[in-house]
Amino acid sequence: MSDSINRRNFIGTSAASTAAAGLSLSTAQALAASSPNNKVVVGVMGLSRGASLADSYAKMENVEVKYVCDIDSTRAEKVAERVEGVSGKAPQAIGDFRRILDDKQVDALVCAAPNHWHGPATILGCSAGKHVYVEKPCSHNPREGELMIEAARKHKRAVQVGTQRRSGDGWLDAIAKLHAGAIGNVYHVRAFYASARPSIGKGKPVDVPSHVDYELWQGPAPRKPYLSNVVHYNWHWRWHWGNGELGNNGVHTLDLCRWGANVDFPTQVTSSGGRYHWDDDQETPDTHTVSYEFGGKCQITWQGTSCNRHGAGFVTFYGDKGTLDVDSNGKYKLYDKGDKVVEERKDARYTNEFHIANFLAAIRNDKPLDLAAEIAEGHKSTLLCHLGNISQRVGRSLSCDPRNGHILNDKEAMELWGREYEPGWEPKV
Ligand SMILES: NC(=O)c1ccc[n+]([C@@H]2O[C@H](COP(=O)([O-])OP(=O)(O)OC[C@H]3O[C@@H](n4cnc5c(N)ncnc54)[C@H](O)[C@@H]3O)[C@@H](O)[C@H]2O)c1
């Protein structure tokens, strides 16, 4: 990527048309700055969520998806065909993401592999000179998040976390309103998630299917026998690879809560809940409530019911002058102190493409920190999930250092700050 672009012209022209289409200025700016002459070449790793990301990247102007990579060869081949259908050019279907890192033409690695891969792959990506778009939660454990920030800074790379609502027009608008004081001082935020997830049953050791490279699926995680009910997707509910619903869907809403309330690291974290619904191999809670206290000024609560869909709501901000209810798309209702609706937005949306446009703009403008979900912010939000899970696992409240979220005076809890790695895969910055 070498051509320079006239950024001001792009923003000027495109902002006008996107404003007409009802997009916020930040979204407009990102779309504008990401559609110039400089080609950006990407490789996508992990092709379930990554299949949708590969489509989205392939749709962006002057972006080449050169590689689609999965340790499951059936997925890689299928997604390569799909991307060819979108862009007219077939990417190479590969099984080892290190080929993406070795290719000097590639500008960015997109990591949508399971959570235990996020930190190690991002750090390897930055070391190889790649920008990285990494899915949420950005890390499998808190230490990895800290190392990811170090790697991004050391190599001056853009690292965008896949909390895509950060680039949604409604959410940008709602947060701007909060920050301008629409409901006064925000002192409480409530987030909610509900689903009706099935049992994963009890797994048995079975032969690894011939189309799966289980060695590379495990990568940085210490080795375990291949079970019939972990690959794909169900790893989310096992601590060795996943972070439960809190790290899966919780991170999206906690990120928005933290953003709107303008808070960083908590001072107190309390978890309660458990696995009440199915008797199966899952380890992470199916019913979970976590509350976060921020220095006596603000409280965030997250509630997840993974096995019962009843209940409504996404994120509600409570202030001393009113309340703001925002849904998943960014549509909102603003209430005054008397609980009367004073403003409503009905037309909001968020897309992968808005968030990707923001990432591409940071790369093209050589402004690696100019990101909607920059790794330092992504780490703070993901850390809330990790702290909630650690509190759940040790069975007590945690006191945290407001400067960095480190757990105070609890050696057992602090042992869960990092993990052991498969020898040879320890992340190094
Ligand atoms: N931002 C979002 O809205 C969103 C939505 C869904 C999933 N996600 C995130 O995406 C990630 C993947 O989730 P999923 O639901 O797609 O899981 P999944 O298990 O269904 O898919 C993961 C894929 O990664 C592949 N993989 C594993 N190791 C690999 C490696 N070393 N190289 C290449 N491919 C590898 C697997 O074979 C599998 O195809 C998770 O971290 C999840 O939180 C984000």
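**View 1. Helices α6 and α7 run roughly parallel to each other.** Roughly parallel means an angle under 35 degrees; over 145 counts as roughly antiparallel, 65 to 115 as roughly perpendicular and the rest as oblique. The two helices pack at an angle of about 10°, and their axes lie 9 Å apart. Axes are lines fitted to C-alpha atoms, for helices over the stretch in contact, with angles from 0 to 180 degrees between N-to-C directions. Helices are DSSP runs (H or I, at least four residues), numbered from the N terminus. The model is predicted: local features need pLDDT of at least 70, side-chain atom pairs count only at pLDDT 80 or more, and totals for chains, interfaces and linings use all residues. Residues are numbered from 1 along each chain as its sequence is written.

**View 2. Residues at the contact of α6 with α7.** From α6 come G119, T122, I123, C126 and S127. They meet E144, L147, M148, A151, A152 and H155 of α7. Contact means C-beta atoms, placed from the backbone, within 7 Å. By class, this contact holds 6 nonpolar, 4 polar and 1 charged. Ala, Val, Leu, Ile, Met, Phe, Trp, Tyr, Cys and Pro count as nonpolar; Asp, Glu, Lys and Arg as charged; the others, Gly among them, as polar.

**View 3. Domain 1 meets domain 2.** Domain 1 spans 7-166 + 352-374, and domain 2 spans 182-201 + 215-348 + 379-417. These bounds come from an automatic or database domain assignment. The domain centres, taken over C-alpha atoms, are 25 Å apart. Domain 1 gives 23 residues to the contact and domain 2 gives 24.

**View 4. The side of domain 1 that touches domain 2.** Here α6 (115-127) and α7 (142-155) each supply at least two residues. The largest share, 5 residues, comes from α7. This side has 9 nonpolar, 10 polar and 4 charged residues.

Note on methods: Two residues are in contact if their C-beta atoms, placed from the backbone, lie within 7 Å.
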